[in-house]
Amino acid sequence: MKRELNDILCCPVCKGDLELVVTEENDVEILTGALICHACSVTYPIDEGIPNLLPQNTTS
Amino acid sequence: MPPYPTGLVPDKNQVYSPREDTFLLLRAANNEILPADTVLEVGIGSAYIIWNLSPCKLALGTDINPHAALLAHTQGVNIIRTDFADGLKKYFSLVIFNPPYLPTSPEERGDDWLEFALDGGPDGREPVNAFCTRILNVLNDSGRVVMLISSLQDFSSCEEIFSKTGFNYTVVDTEKMEDGEELRVYKLTRKNQMIF
């Protein structure tokens with residue numbers, strides 16, 4: 001995911017802002033990381049360059 | 001929802017391939033799109049539409065299907081895995097949607113991502129209703145939606161959903177299939193722009 005997309009993402013549950021934490025990044029995009037909703041105490045993963053903003057209790 | 005795969009290799013057989021409905025919706029979307037548009041496609045499937053869109057400010061796709069998301073990403077498409085547009089803010093001036101529309105009873109429901117991509121619920125209109133209710137959160141006040149509807153979903157019932165959920169609608173493109181099915185592309189706009 002390109003870094004600038006972070007500005008248009010929100011928590012899918014409470015619609016609040018997310019904190020971006022980058023673990024691995026190349027010239028193009030963020031490859032691995034997390035999007036954290038502090039209000040819900042939930043971490044949404046970024047894997048293989050794809051942010052997963054599905055409610056985390058239904059995913060593995 | 002079908003089970004999540006453990007591996008990260010996409011399976012193309014689990015993704016809806018482009019067909020007549022895809023081509024019709026792409027044509028309508030490219031007639032509607034402006035260079036300044038911020039475009040969201042909900043449920044990108046094969047990513048055929050977003051890949052062939054005319055140039056715009058930003059094009060972004062969502063899909064709940066992990067295989068579709070991985071395939072889109074390998075093509076360089078901006079992809080977010082989320083349900084409809086749930087993880088996105090109010091930012092988009094054009095939203096494109098080709099809903100799952102095959103009427104599907106609970107007994108027919110399969111454990112397969114491709115079947116999930118076709119499953120329109122018992123009357124074929126469940127995803128249309130869910131989309132119309134939820135998309136207002138991400139659509140700009142002057143934003144437009146282009147959406148494909150099939151005669152299998154019943155046009156007048158779908159139009160009722162558009163009105164009830166706060167949209168004005170017009171038919172912008174149409175195609176008759178050999179088997180008698182009719183496809184239409186509807187353009188939706190907000191009925192009342194919010195003014196404070």
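What is the count of salt bridges between chain B and chain A? The count is one, a salt bridge being a side-chain nitrogen of Lys or Arg within 4 Å of a carboxyl oxygen of Asp or Glu.

## Basis

This is a predicted model, in which local features need pLDDT of at least 70 and side-chain atom pairs count only at pLDDT 80 or more, while totals for chains, interfaces and linings use all residues. Residues are numbered from 1 along each chain as its sequence is written, chains are lettered from A and ligands numbered from 1 in the order in which they are written, and side-chain values use heavy atoms, without hydrogens and water.

## Interface

The salt bridge joins B:Lys89 to A:Asp17, with 2.8 Å between the closest N and O atoms. Strand 2 (58-62), helix 3 (66-74) and strand 3 (78-80) of chain B each give at least two residues to the side of chain B that touches chain A; helices (H or I, at least four residues) and strands (E, at least two) are DSSP runs numbered from the N terminus. That side of chain B holds twelve nonpolar, five polar and four charged residues. Here Ala, Val, Leu, Ile, Met, Phe, Trp, Tyr, Cys and Pro count as nonpolar, Asp, Glu, Lys and Arg as charged, and the others, Gly among them, as polar.

In the contact (heavy atoms within 4.5 Å), chain B takes part with 21 residues and chain A with 21 residues. About 1800 Å² is buried between the two chains, 62% of it from carbon and sulfur atoms; buried area is the accessible area (1.4 Å probe) that two parts lose on being put together, summed over both.

## Nonpolar cores

A nonpolar core is a set of buried Ala, Val, Leu, Ile, Met, Phe, Trp, Tyr and Cys residues joined through side-chain atoms within 4.5 Å. Buried means under 20% relative accessible area, exposed over 50%, and partly exposed in between (1.4 Å probe, protein chains only).

The largest nonpolar core has 40 residues, of which B:Leu40, B:Phe131, B:Met147 and B:Phe162 touch the most other members. Beyond its neighbours within four places in sequence, B:Phe162 contacts residues including B:Val128, B:Met147, B:Tyr169 and B:Leu188. Another core, of 26 residues, lies apart from the largest one and includes B:Leu26 and B:Val146.

## Positive phi

A:Ser41, not a glycine, has a positive phi near 55°. A:Ser41 sits in the loop between strand 2 (30-37) and strand 3 (42-47) of chain A and is exposed, at 67% relative accessibility.

B:Asp154 also has a positive phi, of about 70°. The loop holding B:Asp154 runs between strand 5 (139-150) and helix 6 (155-164) of chain B, and B:Asp154 is partly exposed, at 32%.
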